[in-house]
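Biologist: I have a model open and want to learn how to read it. Where do we begin?

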Amino acid sequence: PMVLRTDAEAAQTEVWLGSIPVCVELAASSLVASSAPRPLWVLVPRVAYVASFAGDVADHFRDSVAEVSTTLADAVWFAERDDDDASIPTTTREAVDPFARLPAGALFDSARRRDVPWRLVAHFSARRRLPAATPASSSSSPASSSPGPTAAARVDEDSCERRFFHALKQATHLEHGTARSVLSMPRVDQAALWRAVCAGDRAGYAARDVKGVVSGPLESPLRHVPLRVVVPPTSRTRGRVVAQLPHSAYDAAAGRKRTLGDCVEAVLRVLASRRAAQDGGEQDESGSAVAGGAAGTKRNWTLRVHGVDDVDPDLPLLEAWKALRHADHFLYVVVVVVRNNPGNLEERKKEEQSSL
């Protein structure tokens, strides 16, 4: 069913109220004190960014780490705690970059482990040069804002703020064909908007958000709906794959509204094609997901949005975007590959529903 504006507004309120409990430990390699400090516990808004609490992390561990040539808040970088590892290595741009450019909610939803609290390991060190993870995207590949192979591992607030506004400009251009409303925003309004995002303050955000979000039949339709597809880390990549393509709200060829499933399948096909070209046909999780989502076959993946599993892939894209978009105007959809009996996913769902 179509999500009415009132429903979309209510959903947006819930999105902004959402938060994630986070437990931050200090990495042993950064410890210079005689004993390990107690962890830092923080409650992070889903729409905020990891850098929004980097200052708190720096203050908490200040007496336990060595001095660095920059401020502690600028020297911190994060890894995700894993039961099998002390922490998941953060040594490639695929692993580091999402911490600087993805909202906390999208990061947590695409984590290898989604236990609560979300356990992170804080490292304090000089900036590192990162090896390249994948070649730059071609014109037929999903757009990516990943940095180049020599990019520094930055998760400080200034860097995250710049990336947030870059994403907002991208989204606004997709929506209206121009990013003028963001480019012309006074610096004082930019600062207030960023503070509202970090605090999860929807009222403060709405007072300065860029205008033009479609809200009714009399307004001009969006040119494209800003959507980013996130594939969680795998044992092979160890980093998230984040991709986007331009998607219109209406599928003229099919004569119907474009759905979330349509968009995800389009992105996964391009990802699988690119991966196959690089690896001689060998597929990873994104490639195997496509095998279960091609026309005439059964999907072997489900969708996760804002912590909600099994989101209906037939939900119209525009309605989902209105209700569930993040502060940067992108809708982040996490693809969860079902490894156990993937061919019978739809049948399994029907059986579960019939048993209720």
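Modeller: With charges over rings. A charge sits over a ring if NZ of Lys or CZ of Arg is within 6 Å of the ring centre and within 35 degrees of the ring normal. Here the charged end of Arg325 sits over the ring of Trp321, 4.9 Å from its centre. Arg228 lies over the face of Phe330, at 4.0 Å from the ring centre. This is a predicted model: local features need pLDDT of at least 70, side-chain atom pairs count only at pLDDT 80 or more, and totals for chains, interfaces and linings use all residues. Numbering starts from 1 along each chain as its sequence is written, and side-chain values use heavy atoms, with hydrogens and water left out.

Biologist: How do I read two aromatic rings together?

Modeller: Such a pair is described by the distance of the centres and the angle of the planes. Rings of Phe, Tyr and Trp (its six-membered ring) pair if their centres lie within 6.5 Å; planes under 30 degrees apart count as stacked, over 60 as edge-to-face and the rest as tilted. That rule gives nine aromatic pairs. In one of them, Tyr49 and Trp194 are tilted, 5.6 Å centre to centre with 40° between the planes.

Biologist: Which parts of the chain does this pair link?

Modeller: Distant ones: Tyr49 is in the loop between strand E2 (40–45) and helix H2 (54–61), and Trp194 is in helix H8 (residues 187–199), 145 residues apart. Helices (H or I, at least four residues) and strands (E, at least two) are DSSP runs, numbered from the N terminus. Tyr49 and Trp194 also belong to one aromatic cluster with Phe164 and Phe165.

Biologist: Is Tyr49 buried or exposed?

Modeller: Buried means under 20% relative accessible area, exposed over 50%, partly exposed in between (1.4 Å probe, protein chains only). Tyr49, at 2% relative accessibility, is therefore buried. Trp194 is buried too, at 3%.

Biologist: What about strand E10 (residues 331–337)?

Modeller: Seven of its seven residues are buried, so E10 is largely enclosed by the rest of the structure. Leu331, Val333, Val335 and Val337 point one way from E10, and Tyr332, Val334 and Val336 the other way.

Biologist: Which strands pair with E10?

Modeller: Two strands pair if DSSP finds at least two bridges between them. Strand E5 (residues 227–231) is parallel to E10, over four bridges. Within that pairing, Leu227 stands opposite Leu331. Strand E9 (residues 301–304) runs antiparallel to E10, joined by four bridges. There, Leu303 stands opposite Val335.
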